[in-house]
Amino acid sequence: MAAKGADLCDRTFEREIECKDGILKIKQAEVGDESCVVWDAALVLAKYLQTEHFCPTKHLVNKQVVELGAGTGVVGLIAASCGAHVCCTDLPEVVPLIELNKTSNQYMITGTFTAATLKWGQDVSAFQPCPDLVLVADCIYYEESLEPLVSTLCDLSNENTTILITYEERTTGNKPQLEKKFHQLIKEHFIVEEIPEEQQDPVYHSPDIHLLKLKRKL
């Protein structure tokens, strides 16, 4: 599980990520699972938030944002650096790493930033009313989590909510089947648009990483 406890800082290494207005210093855990490191799909999503295509000047200022499966919190921190009010969520054992990165990057936050526990498929009343933006980076990984994830996306969204999801296309094991099932599930509830690479960050994009925009069906 993710590293936690008083000595968490001693068991991390740091990665610097350039942003529009400075450098984020993201601590990653030396010991832990996939929640503990910055994945490429997270960087694609984080950098997209700063593009002119998605975010003209001050577009994110005062927007309410929830990130699911936040891991290190890098995506939410970039949103908060753009003036958004962000709540990064993950399982209880991951939250200390998000909070550590909040502390390390407090100087970059121009909106607000909090970390909270949220298990997909469970009650989301603490995160109501529905946010303006929901962010999900590289969370299509386990079959048992797909339906709870889609359930939570439905619970957190209304016609005014935008959902942005990135995931890396993987060809090993059952990953192609998982991605197909995820698309089937989200298309039941959402209008799905794939953002082309030319509208993404000029450096942080890849044909293997898909960026989806979801809006609730009326």
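Visitor: What makes the largest nonpolar core a core, and which residues touch the most other members?

Guide: In this predicted model, the largest nonpolar core has 36 residues, and Leu-24, Leu-49, Val-75 and Leu-135 touch the most other members. The set is called a core because its members are buried nonpolar residues joined through side-chain atoms within 4.5 Å.

Visitor: Which elements give two or more residues to this core?

Guide: Strands E1 (12-19), E2 (22-29), E4 (85-90) and E6 (133-137) do, along with helices H1 (40-48) and H2 (74-81). The largest share comes from H2, with 6 residues.

Visitor: What is Leu-24 in contact with, leaving aside its neighbours within four places in sequence?

Guide: Among its partners are Arg-15, Ile-17, Val-74, Leu-77, Asn-105 and Met-108. There is also a second, separate core of 28 residues, which includes Val-66, Leu-149, Leu-153 and Leu-185.

Visitor: How many disulfides does the structure hold?

Guide: The structure holds 0 disulfides. For Cys-88, the nearest cysteine sulfur is that of Cys-87, 7.2 Å away. A disulfide needs two cysteine sulfur atoms within 2.5 Å, so Cys-88 is in none.

Definitions and conventions
Residues are numbered from 1 along each chain as its sequence is written. This is a predicted model: local features need pLDDT of at least 70, side-chain atom pairs count only at pLDDT 80 or more; totals for chains, interfaces and linings use all residues. Side-chain values use heavy atoms; hydrogens and water are left out. Buried means under 20% relative accessible area, exposed over 50%, partly exposed in between (1.4 Å probe, protein chains only). Helices (H or I, at least four residues) and strands (E, at least two) are DSSP runs, numbered from the N terminus. Contact means heavy atoms within 4.5 Å.
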